[in-house]
Amino acid sequence: MADAVDDQRLLRNPMKMKNSVKPPRAIDSKAKAWSREVVDAVRAKLQDRYQIAVDLGIGLGLRQGEAFGLAEEDFDFAAGVVHVRRQLRWDIKGRPYFSLPKGRKIREVPLPTNLALRARAHFRRFPSTSCTLPWRNPEAPTTALEERQRKPITVDLILTSSHGNRIYYRTWNDRSWKRALAAAGLITPVGEKVRHDGNRIRRVPRYAAPREDMFHVLRHTYASVQLKAGESIVSLSKWLGHSTPKVTLDHYAHFMPGAGQRGGAAMDAWLQDPSRPKVPEKSLLSWRTTPLPSNVQVKRLAGQGADMSVKYKETARGGLAVNIIEC
């Protein structure tokens, strides 16, 4: 709508009017993360040349276009970081081009040591392929400014097809990713597609993978691992390329284990009565627990080493009644 106003196709933006159309409210949905077993199973079912794509999603939290547009020169092994400078995109006509990552800003992501080892092994086994594409827009420039803005750039892509070409995301999703999901037992075929290869007719399975199991789930898993390890939400937001930490919290707050427990333990220590013994911090609810006095019968039986079964039952007044049954 804003672009239409700028192009003078609309007099005003109806989305900006106070009593006009309002955008629908987004449905709250929690991001899904995979377990390590699922990640390893899907990775093992991919072709060897594509297994590094899973490593990039898990180890760096890259989006699919960022992984497909990554170059060997983006790996700074000495500094231990990866520079995310571009993404590989396609317009509505299926024409590829390079552009800045989402949000139009580049970023640096820490490079784990084991990912660096896998990346070096991938570079040796599958050499990078030079790819030249327009920048920002695949349309032919009409002005000198557009010619400068859309000047093609050459990138040595580390992820290429078996024919040495750049990857087209739809083909890769259908023929590689979804087949790996099916081989790992995550999805099942919903039909078949007939393909004509010369004089031969081939029937291949057709899959309909849910959106939550596509490549972006690796990015969610990266975020979940970082948060469960206690990483700062500000640092994670920077590594993911989010505009603000609030965006990261909105997407991944449910991945933070025991949210509020550390704060509760700190406040409990603040309110600790100096005259009372210090409460162990192993449990947030430990301050509510008081030792139950043992009666004479329990002490005598325990001292004799007798085997017994103890049952606890809450009384109407909130106390605990103890029933001792000797074996």
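How much of the accessible surface of the protein chain belongs to carbon and sulfur atoms? I looked this up first. The accessible surface comes to about 22,300 Å², and 51% of that belongs to carbon and sulfur atoms.

**Confidence.** I am working from a predicted model. The protein chain averages a pLDDT of 82. I noted that 78% of the residues score at least 70. Then I turned to residues 314–318, where the pLDDT is below 50. Beyond near neighbours in sequence, this stretch has four contacts in the model. Over residues 320–327 the pLDDT also stays under 50. For residues 320–327 I find 25 contacts beyond four places in sequence.

**Overall make-up.** I checked the secondary structure of the protein chain and found 12 helices and 11 strands. The chain has 327 residues, of which 31% count as buried. I also looked at contacts with a separation of 6 or more. Residues 24 or more positions apart account for 55% of them.

**Helix 8 and helix 9.** I picked out this pair for its packing. Helix 8 covers residues 216–228 and helix 9 covers residues 233–240. Their axes come within 10 Å and cross at roughly 160°. An angle over 145 degrees counts as roughly antiparallel, so helix 8 is roughly antiparallel to helix 9. I recorded the crossing of the two helices as right-handed.

Which residues of helix 8 meet helix 9? I listed Arg219, Tyr222, Ala223, Gln226 and Leu227. On the helix 9 side I have Ile233, Leu236, Trp239 and Leu240.

Methods
Residues are numbered from 1 along each chain as its sequence is written. This is a predicted model: local features need pLDDT of at least 70, side-chain atom pairs count only at pLDDT 80 or more; totals for chains, interfaces and linings use all residues. Side-chain values use heavy atoms; hydrogens and water are left out. pLDDT is the predictor's confidence in each residue, from 0 to 100. Contact means heavy atoms within 4.5 Å. Helices (H or I, at least four residues) and strands (E, at least two) are DSSP runs, numbered from the N terminus. Buried means under 20% relative accessible area, exposed over 50%, partly exposed in between (1.4 Å probe, protein chains only). Accessible areas come from the Shrake-Rupley method with a 1.4 Å probe; for residues, only the protein chains shown count as cover. Axes are lines fitted to C-alpha atoms, for helices over the stretch in contact, and angles run from 0 to 180 degrees between N-to-C directions. Angles under 35 degrees count as roughly parallel, over 145 as roughly antiparallel, 65 to 115 as roughly perpendicular and the rest as oblique. A crossing is left-handed if the near helix is turned anticlockwise from the far one by less than a right angle, and right-handed if clockwise.
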